[in-house]
Amino acid sequence: MEFKPFEKKVWLSSPTMHGEEIQFVTAAYQTNWMSTVGENINEAERLTCEKVGCKYAVALSCGTAALHLATKLAGVKEGDKVFCTDMTFDATVNPVMYEKATPIFIDTEYDTWNMDPHALEKAFEMYPDVKVVVIANLYGTPGKMDEISAICEKHGAIIIEDAAESLGATYKGRQTGTFGTYNAISFNGNKIITGSSGGMLLTDSLEAANKARKWSTQSREDAPWYQHEEVGYNYRMSNVIAGVVRGQYPYLDEHIAQKKAIYMRYKEGFKDLPVTMNPYDENVAEPNFWLSCLLINEEAMCKQVRSDNEACYVKEKGKSCPTEILETLAKYNAEGRPIWKPMHMQPLYRMNPFITVEGNGRGRTNAYIAGKGIDVGADIFARGLCLPSDNKMTVEEQDKIIEIVKSCFA
Ligand SMILES: *Cc1c(COP(=O)(O)O)cnc(C)c1O
């Protein structure tokens with residue numbers, strides 16, 4: 001089958017403005033509150049607390065800054081070991097590196113594509129002194145929060161939750177961004193709602209929130225002059241950005257509903273293909289469906305080889321691979337993306353410990369998974385991809401994406 005390329009690019013996930021945003025930005029402009037203080041910041045923080053159900057939200061320049069301050073609040077210091085989600089965006093882990101600590105990567109499970117509690121338990125057996133665990137909710141799907149929280153509690157470790165991708169998602173009715181002692185959300189341009197950039201640190205501790213506010217504004221002491229006792233950062237959110245965030249909040253639920261409809265339409269459209277969607281447990285979790293992803297069945301994978309910066313594959317009848325699907329989508333002017341390449345596969349982290357559990361691959365051992373990799377993260381990276389998940393994609397456009405993907409398996 002041949003298709004005409006999309007005239008207008010179909011994006012992975014692009015910003016969607018509604019009108020209120022520009023009014024709040026304009027109000028900041030007209031009143032000269034073009035600064036890192038102002039009503040938009042206060043309101044954006046208040047709306048976040050109201051939505052997520054946390055006591056305090058500190059508006060910052062980005063989610064990475066929120067994770068950095070969370071790392072400092074957790075007391076991570078040079079030489080410490082920190083357990084981290086392995087299959088995630090590098091921003092989850094960078095702040096651990098800023099503090100000169102050592103990330104230890106915990107393998108992924110197949111049920112939600114998040115940190116595997118069994119691997120975490122094993123990691124505590126190997127490194128019982130670890131006190132901080134950084135968990136991410138990939139693509140808007142909450143991880144196995146009960147299991148992970150119980151393990152952390154048992155070992156006296158605190159959780160930093162990276163909810164950058166999962167704003168609005170719930171686990172047993174509770175919003176993500178509340179499972180850690182310190183939590184981070186992001187308003188980066190491709191997230192479920194955006195300020196063009198921006199992020200927030202969420203916590204129930206007044207003391208922690210006050211520290212984060214102070215650190216984020218260059219750590220000024222209470223004095224008539226610029227008095228400093230500790231290192232500071234210029235991490236505060238701009239009142240202009242906060243105006244955009246403030247204007248987006250009323251549309252968060254609408255964006256989630258649109259993303260969910262996209263996920264369900266893909267799921268239905270691919271029901272006869274040898275693939276599955278990024279999974280979640282509907283009994284406990286309601287994701288925000290930020291990105292829809294595919295996992296190709298092992299037997300339907302054609303040969304695919306990836307080096308550090310290139311990929312190639314061998315076309316086989318009835319089979320496909322992420323490389324073929326991504327190249328084909330690009331050919332038709334649609335944007336997909338590989339799964340986050342696991343941290344333990346990154347050259348930057350080649351010397352860092354990586355903890356897997358034998359037999360966690362649904363009866364497979366971790367020695368060898370279908371010739372693709374030796375662990376769950378590597379396997380999902382090899383067989384998975386993110387589909388165009390833009391909330392402005394029309395039904396017709398999505399149906400064409402579905403046909404394009406189907407054509408790869410012809
Ligand atoms: C986007 C993202 C971040 C970082 O947020 P920024 O606002 O871009 O700094 C952190 N972690 C994950 C998993 C993300 O997807």
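Predicted model: local features only at pLDDT ≥ 70, side-chain atom pairs only at ≥ 80, totals over all residues.
Residues are numbered from 1 along each chain as its sequence is written, and side-chain values use heavy atoms, with hydrogens and water left out.

Let me start with the overall division.

How many residues of domain 1 are in contact with domain 2? There are 49 of them, and they touch 47 residues of domain 2, where contact means heavy atoms within 4.5 Å. The size of an interface is often given as the accessible area lost when the parts come together. Here the area buried between domain 1 and domain 2 is about 4,100 Å², and carbon and sulfur atoms give 62% of it; buried area is the accessible area, with a 1.4 Å probe, that two parts lose on being put together, summed over both. On the side of domain 1, Y110, W113 and Y139 lose the most area to domain 2, and together they make up 24% of what that side buries.

Turning to polar features, we find 24 residue pairs in polar contact across the interface of domain 1 and domain 2, both residues at pLDDT 80 or more. A polar contact is a pair of N or O atoms within 3.5 Å; within protein, one must be able to donate a hydrogen and the other to accept it, and residues adjacent in sequence count only if both atoms are side-chain atoms.

Side chains of opposite charge can pair when their charged atoms come close. The count of salt bridges between domain 1 and domain 2 is one, a salt bridge being a side-chain nitrogen of Lys or Arg within 4 Å of a carboxyl oxygen of Asp or Glu. K51 and D253 form a salt bridge, with their closest N and O atoms 3.1 Å apart. The search of the whole structure gives 21 salt bridges, including the one between the side chains of R46 and E43, at 2.8 Å from N to O. R46 and E43 are three residues apart in helix α2 (residues 39-52), which means that about one helical turn separates them.

Helices (H or I, at least four residues) and strands (E, at least two) are DSSP runs, numbered from the N terminus, and two strands pair if DSSP finds at least two bridges between them. Eight strands form an open sheet with mixed pairing, in the order β1-β9-β8-β5-β4-β2-β3-β16. Which strands stand at its edges? They are β1 (56-60) and β16 (354-355), each with a single partner strand, so one side of each is left without a neighbour in the sheet. Within this sheet, β5 (residues 158-162) and β8 (residues 182-186) run parallel and are joined by three bridges, and E161 stands opposite N183 in β8.

Finally, β13 (residues 303-306) and β14 (residues 311-314) run antiparallel and are joined by four bridges. They form a hairpin with four residues between them, and V305 has C312 in β14 as its bridge partner.
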